[in-house]
Amino acid sequence: MSRRSHSSSPSPRSTKRMKMDHLTKEDFKNGVFLAPMVRSGALPTRLFALKHGATLVWAPEIVDKAILHSTREVDRELSSNMHYNTSQMTIEAITGVISYNGVSRAIFTTHPVEKPYLIYQIGSSDPELAVQAAKMVMQDVSGIDLNCGCPKPFSTHAGMGAALLTNPDLLCSILTALRREMPPEMTVTAKIRLLPSQEDTLKLVERIVNTGISALTVHCRTRNMREKDRAVIERLREIVQFVEGLGRGIAVIENGDCLSWEDAKRVRETTGAHSVMIARGAEANPSCFSSNPLKDVEKTLIPAYLRLCKYLGNHWSSTKFCVAQFKAPRIVYKKADATALKQTLAQAKGYDDMSSVAGSWTGQNEMLEIVKAIEERPPRNHRMIIPTSLADDHASNAAEIENDPSITPEGTQNPEPPSSGAPFLPADIGRNLPPMLSGQDPMTPTPGGSITTIAI
């Protein structure tokens, strides 16, 4: 008989890790990436994104103090040798899942198969704490990203996230500390939002680039803009040209209003960005990184996702939330069946309640398929090369862009929609912390609930 236990450190016989070179600046170019998303960017979603062609994946933002108060554990079991001689006991991996556990649940989970492609995003307003948090997880990731763009109160209340945009000295000191203290093979990147003024944005970008980062992601909205506000992607072309002019070989990654691999071509041609990051499109369908994404996700994705989540021990509330977001065009799956599935999911209290949807529990087979897909088609080889002629054509359409009333005229402030503005500081600092940050079990979400996903 075998039994499961947890080891706080890896053993010599732990799950094999894929032999890959370390990330470089070039790995952030010509790619389509999974954006960091609170709740929706769970381990199973990242694995499916990699299976279907995501070049790199970002983990959800984790506040520095939260990860520092967690305990790292690896899922393993004692082999059948144990009943012969305890001195012969060996530790073998079951799932290989690595969990950074908080008080009542995992704050962050990962798997060795995603490490070569995984960027860990930190929420921090303190250089020392940021470095400590990065060092704690660096054995399990390939890069560290500083969140300088999330406008939500849980991120900005302590000077983190988008609050750093108005404190460039602190922002750059954190990046400088991370670059100085991290091993040279560990990439350091940043994700920001546009400032209302293009001139101020360029000044900030120059300071950030000079900290030694490997790539810069720009969410093409300002702090007060929300998802319903159109991303001002036209402003990015000047930023890309500015960064290229600095001569440091830094990739500029576009984020905002890109829904799929095919849509990323439009975005890159319009902006000149070196790569594109997808949030909402991936939340709805993690296979959006493929040129032929899955249709009828109720049949082609959800059963497999449920099986994988149960196998990996993904928290049920996280699984339920993610599945509730999945949607795609239906070709053969009937609307009535989709409605029935949603009702079943809304009433489900755990994995067993979804057995009729998932079928036989073969999560291990799902995991093996993902590993096979990654080995046969390494995500970092999944590149989008834009012909220079197409990029030049879009760049020459200045007159057309200038006449578009939805685009901010040159030399003016970017619009700050008053109806969707976010407070700079919350009235109640501690309210509404996501479970990944608080470490507390959330109420089980339902498809019809008011919970929204936060794209960092």
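User: Is A338 buried or exposed?
Analyst: This is a predicted model, where local features need pLDDT of at least 70, side-chain atom pairs count only at pLDDT 80 or more, and totals for chains, interfaces and linings use all residues. Residues are numbered from 1 along each chain as its sequence is written, and side-chain values use heavy atoms, with hydrogens and water left out. Buried means under 20% relative accessible area, exposed over 50%, and partly exposed in between (1.4 Å probe, protein chains only). A338 has 2% relative accessibility, so A338 counts as buried.

User: Which residues is A338 in contact with, leaving aside its neighbours within four places in sequence?
Analyst: A338 lies in helix α13, residues 335-347. Helices (H or I, at least four residues) and strands (E, at least two) are DSSP runs, numbered from the N terminus. Contact means heavy atoms within 4.5 Å. With those neighbours set aside, the partners of A338 are E298, R330 and Y333.

User: How far apart in space are A338 and K299, C-alpha to C-alpha?
Analyst: In sequence, A338 and K299 are 39 residues apart. In space, their C-alpha to C-alpha distance is 9.3 Å.

User: How many of the residues of helix α1 are buried?
Analyst: Helix α1 covers residues 43-51. Its buried residues include L43, F48 and K51. Helix α1 is largely enclosed by the rest of the structure, because the buried count is 9 of the 9 residues.

User: Which residue just after α1 takes a positive phi?
Analyst: The phi angle is about 115°. The residue just after α1 with this positive phi is G53.

User: How far apart are the end C-alpha atoms of helix α6?
Analyst: Helix α6 has 12 residues, 198-209. The expected span is 1.5 Å times one less than the number of residues. That gives 16 Å for α6, which agrees with its end C-alpha atoms being apart by 16 Å.

User: What arc do the buried residues of α6 cover around the axis?
Analyst: In α6, the buried residues are Q198, T201, L202, L204, V205, I208 and V209. The arc is that of the directions from the helix axis to the C-beta atoms. They lie on the same side of α6, because their arc is only 165°.

User: What covers the buried residues of α6?
Analyst: The cover includes two strands, β11 (187-194) and β12 (215-222). It also includes two helices, α5 (168-181) and α7 (236-245).

User: What percentage of the residues of the protein count as buried?
Analyst: The protein has 18 helices and 15 strands. Of its 456 residues, the buried share is 54%.
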